[in-house]
Amino acid sequence: MAEKGDQTGSCWEDMPDEYPEPHVVNGKAEEEYTNHQSVKCSPNLLQMLKAAESRKTAQGRDRDGWSVPEESETGELVTEALKTDMPIQFTDQKQEFNKRTSNTGHRSLPHSISQSSTDSYGSVCSDSSEDGSSPRDKPRRTSKGLSDFCIKNIKQAEFGRREIIIAQQEMPALMILRKGAGGEKPLAGAQVVGCTHITAQTAVLIETLSVLGAQCRWAACNIFSTQNAVAAALAEGGTPVFAWRGESEDDFWWCIDRCVGAETWQPNMIMDDGGDLTHWIHKKHPSLFKNIKGIVEESVTGIYRLYQMSKAGRLCVPAINVNDSVTKQKFDNLYCCKESILDGLKRTTDIMFGGKQVVVCGYGEVGKGCCAALKALGAVVYVTEVDPICALQACMDGFRVNKLSEVARQVDMVVTCTGNKSVVRREHLDRMKDGCILCNMGHSSTEIDLVSLRTAELRWERMRPQVDHVIWPDGKRIVLLAEGRLLNLSCSTVPSFVLSITATTQALALIELYSAPEGRYKQDVYLLPKKMDEYVASLHLPTFDAHLSEVTDEQAKYLGISKHGPFKPNDYRY
């Protein structure tokens, strides 16, 4: 086990406890890290994907009935994709990254939660029979005698397994990878430490990595999003999991440390969501980076952290930026949030949206999805933006663009989704009317200035799980959801099919980094080729019985592209 104080010879030894603010020149974040990296995919990954293609039957389905793309659509897709050696441009990084608050005190959770209120959060998101105590010091053991895990209740494993099976039906691409590449074991020897949301959908990803040959240890990236029954099912299945719903901040870091600080097990791959796992390793166990081959990161928050480390010359291993892949930006961020925001709000507040006035802070992909969903149910939607391009898009989509200070007094709901910090500050909170609902759809709780609400003159009252009333001296109440953390995963569930797209991209990125020849990737941040995005998308088209048109030789020559793709240049905005 790497000692926490052992930082000899580490490139992380001078890293501060807090990340610096992004350097700004002429009002814009410096972009020195946007050197055009060329990405090639490894021969092992090529062989694995070819093997998956060869297992198709003439009817376009494999032996177990899972849909796969037609030969005419993807017969040569993978071969051409992995020959790509095109410069990949990183997207303009203009937002300030987030970091988790450093409060490490235990939270006192209420024990007087009614059965009906708890059940309203869905089957996998709660267990009304459990108290709010930490399971850290409680004895635990699976039916096979394993004890290397820490979850809420191992007895929920059977129920969690059913939830995972349900999710598998909506995650076709991962199931194709299991059947197509399970024999080749492209991740044999990989020891993956992960920190993501622990839900039925991510459980499918974790178990897919195991089928492909990896050993996995997992912790949660959010203290409210863990589905306890799913965590139990993973532990019962042999995956060391350290997570439970309702962790304190101290529990959160303890769980991460248990994942990475095992005495008999050291990771060689990192899969992160938010950058907390990467941060913890380089601060507490920097010697582990000697054996780590790469990092796969999927969130805006984590990507900004990696870019800053790369810019400072402190990134010791290569990393793949999944967040800026088209399959993540356009599907997970847009379509997932478009559906899940309504689910989270309905479950927590029972609100009717028709006629309500809502302000959405940020009109990126997440903001676009939220605005579209709220508008469709009859809400009057305002948008706040700092980017004139996004603001113009909002105007032309029919939304009023205002400052939050201008509309705070009149709106019924405030939704943050900027990826920045202190978007909603105390001066805004003081202006909000009685009963205003406040929630966050970004990765971290830093978008809302919660510190300003933890003062002596304001009183907090827990109304139901993940619903707090913050009460002003004059009796005014603000309805705060999930303590400002990610609404959809804290208060509801998300569509499995959309997460299948992101999870497949994560799995392929992990395979690529692990199997890449030494020297292919330097200590920098990379994107997967656009061709890989197209391949991931093609794996999901048969679900809709979609049939792609084909480019003729003449058309391909006219456009100057390969008839098998990629069909768009790297700077194309979908």
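A residue counts as partly exposed when its relative accessible area falls between the buried limit of under 20% and the exposed limit of over 50%. With that in hand, here are the close-ups, all taken from a predicted model.

**View 1. Tyr-572 and Tyr-574 form an edge-to-face pair.** Tyr-574 has a relative accessible area of 40%, so this residue is partly exposed. Tyr-572 also counts as partly exposed, at 36% relative accessibility. The two ring centres lie 4.9 Å apart with the planes at 90 degrees, and since planes over 60 degrees apart count as edge-to-face, that is the label the pair receives.

**View 2. Phe-252, Trp-253 and Trp-280 make up one aromatic cluster.** For context while you look around, the count of aromatic pairs comes to 8.

**View 3. Helix α6 meets helix α18.** The axes of α6 (residues 172–181) and α18 (residues 496–515) come within 7 Å and cross at roughly 40 degrees, which makes α6 oblique to α18. On the α6 side, the contact is made by Pro-172, Ala-173, Leu-174 and Leu-177, while α18 brings Phe-497, Ser-500, Ala-503, Thr-504, Ala-507 and Leu-508. Sorted by class, this contact has 8 nonpolar, 2 polar and no charged residues.

**View 4. An open sheet is built from 8 strands.** Follow the order β13-β12-β11-β14-β15-β18-β17-β16, and you will find mixed pairing. β13 (400–401) and β16 (459–464) each have a single partner strand, so one side of each is left without a neighbour in the sheet.

**View 5. Strands β17 and β18 run antiparallel.** Here 5 bridges join β17 (residues 467–471) to β18 (residues 477–481). Look for Asp-468, whose bridge partner in β18 is Leu-480.

Methods: Residues are numbered from 1 along each chain as its sequence is written. This is a predicted model: local features need pLDDT of at least 70, side-chain atom pairs count only at pLDDT 80 or more; totals for chains, interfaces and linings use all residues. Side-chain values use heavy atoms; hydrogens and water are left out. Two strands pair if DSSP finds at least two bridges between them. Helices (H or I, at least four residues) and strands (E, at least two) are DSSP runs, numbered from the N terminus. Axes are lines fitted to C-alpha atoms, for helices over the stretch in contact, and angles run from 0 to 180 degrees between N-to-C directions. Angles under 35 degrees count as roughly parallel, over 145 as roughly antiparallel, 65 to 115 as roughly perpendicular and the rest as oblique. Contact means heavy atoms within 4.5 Å. Ala, Val, Leu, Ile, Met, Phe, Trp, Tyr, Cys and Pro count as nonpolar, Asp, Glu, Lys and Arg as charged, and the others, Gly among them, as polar. Rings of Phe, Tyr and Trp (its six-membered ring) pair if their centres lie within 6.5 Å; planes under 30 degrees apart count as stacked, over 60 as edge-to-face and the rest as tilted. Buried means under 20% relative accessible area, exposed over 50%, partly exposed in between (1.4 Å probe, protein chains only).
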